[in-house]
Amino acid sequence: CQDGFVDVDGQIENGCEQASDCVAGARCEASCGSSGRVRCVGARAECEPPHEICNGVDDNCNGACDEGALPGCRIGVHRASGASGHFYTTDLAAAMTPPYVLEAANYFYIYSSPVPGSRELYLCRKDSGRYFLHGNEDCDLKAPIGRLLGYWSLTSICGARPLQRLHNAASDDYFYTLSEAEAQNAIDRLGYTMTT
């Protein structure tokens, strides 16, 4: 076909019968606002979204973002408990090393590198041996300098869910959960209170 015409019906007899201004491969804006490429379907132009990349945005317009096995994107945080209270780490072997017993592998996910809307997440260890998570390296001056685990979101980017933070004053244990029911049980039966 000559430029500007397409063979819509696939009939040789009538040739390239329809005019079209579709330019395959041209840049376009996908339905979710990402930068896609034009794909010509007959005489009609469709904007094909790009593949997903690790950036805190729904690039491929499927209603989710940063999903799948994107190298260097998200890492799992494992939840363990033991005589020293709860322990949260990206190191699965550490979560299964005594005195800790693994409660949940990949309990929640954080970013391994910063993306828009994220901030640092540090693992802090008190002199008592109790661990807690904090957004600042100084651990709110409650512990020595924390160890950077990764980056978490303070907003609902990529469908992020709120992480409930609880503390038991008697045992000085910090407990984190994604479940409101689990948080309420910890408050009602186990002596925890919600903290900010």
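Pro99 of this predicted model sits in the loop that runs between α1 (92-95) and β8. The peptide bond joining Pro98 and Pro99 is cis, with omega at about 15°.

**The largest pocket**

β8 (100-111) belongs to the strands that line the largest pocket, where β8, β10 (131-134) and β11 (147-153) each contribute at least two residues. The largest share of this lining, 5 residues, is supplied by β8. The volume of the largest pocket is about 760 Å³. In total 30 residues form its lining, and Trp152, Ser153, Arg161, Pro162 and Leu163 are the ones nearest the centre. Sorted by class, the lining holds 17 nonpolar, 7 polar and 6 charged residues.

Three strands form an open sheet in the order β13-β12-β14, and their pairing is antiparallel. β13 (173-177) and β14 (193-194) are the edge strands; each has a single partner strand, so one side of each has no neighbour in the sheet. Strands of a sheet pair through backbone hydrogen bonds, in either a parallel or an antiparallel arrangement.

β12 (residues 164-168) is joined to antiparallel β13 by 5 bridges, and Arg165 stands opposite Tyr176 in β13. On the β14 side, β12 pairs in the antiparallel sense over 2 bridges, with Thr193 in β14 as the bridge partner of His167. Helix α2 (residues 180-190) lies across β12, β13 and β14 and runs at about 15° to β12.

How many residues of β13 are buried? The count is 5 of its 5 residues, and the strand is mostly covered. In a regular strand the side chains alternate between the two faces of the sheet. In β13 both faces are covered: Asp173, Phe175 and Thr177 are buried on one side, and Tyr174 and Tyr176 are buried on the other.

β12 and β13 form a hairpin with 4 residues between them, and Asp172 lies in its turn. Asp172 is not a glycine, yet its phi is positive. Leu141, also a residue other than glycine, has a positive phi as well. The table sets out both residues.

| Residue | Loop | Phi | Relative accessibility |
|---|---|---|---|
| Asp172 | between β12 and β13 | about 60° | 18% |

Is Asp172 buried or exposed? Buried means under 20% relative accessible area, and Asp172, at 18%, therefore counts as buried.

**Asp59 and its surroundings**

Asp59 is placed in the loop between β5 (44-48) and β6 (74-82). Its relative accessible area is 7%, so Asp59 is buried. Which residues does Asp59 contact, leaving aside its neighbours within four places in sequence? They are Cys32, Ser34, Pro49, Pro50, His51, Glu52 and Ile53. For one of these, Ser34, the separation from Asp59 is 25 residues in sequence and 5.5 Å in space, C-alpha to C-alpha.

Conventions: Residues are numbered from 1 along each chain as its sequence is written. This is a predicted model: local features need pLDDT of at least 70, side-chain atom pairs count only at pLDDT 80 or more; totals for chains, interfaces and linings use all residues. Side-chain values use heavy atoms; hydrogens and water are left out. Two strands pair if DSSP finds at least two bridges between them. Contact means heavy atoms within 4.5 Å. Axes are lines fitted to C-alpha atoms, for helices over the stretch in contact, and angles run from 0 to 180 degrees between N-to-C directions. On a 1 Å grid over the protein atoms alone, a cavity is a set of points where a 1.4 Å probe fits but cannot get out, and a pocket is an open set with protein on both sides within 12 Å along at least five of seven lines; lining residues have an atom within 4 Å of a point. Grid points are joined across faces, edges and corners, and a volume is the space filled by probe spheres set on the points. Ala, Val, Leu, Ile, Met, Phe, Trp, Tyr, Cys and Pro count as nonpolar, Asp, Glu, Lys and Arg as charged, and the others, Gly among them, as polar. Buried means under 20% relative accessible area, exposed over 50%, partly exposed in between (1.4 Å probe, protein chains only).
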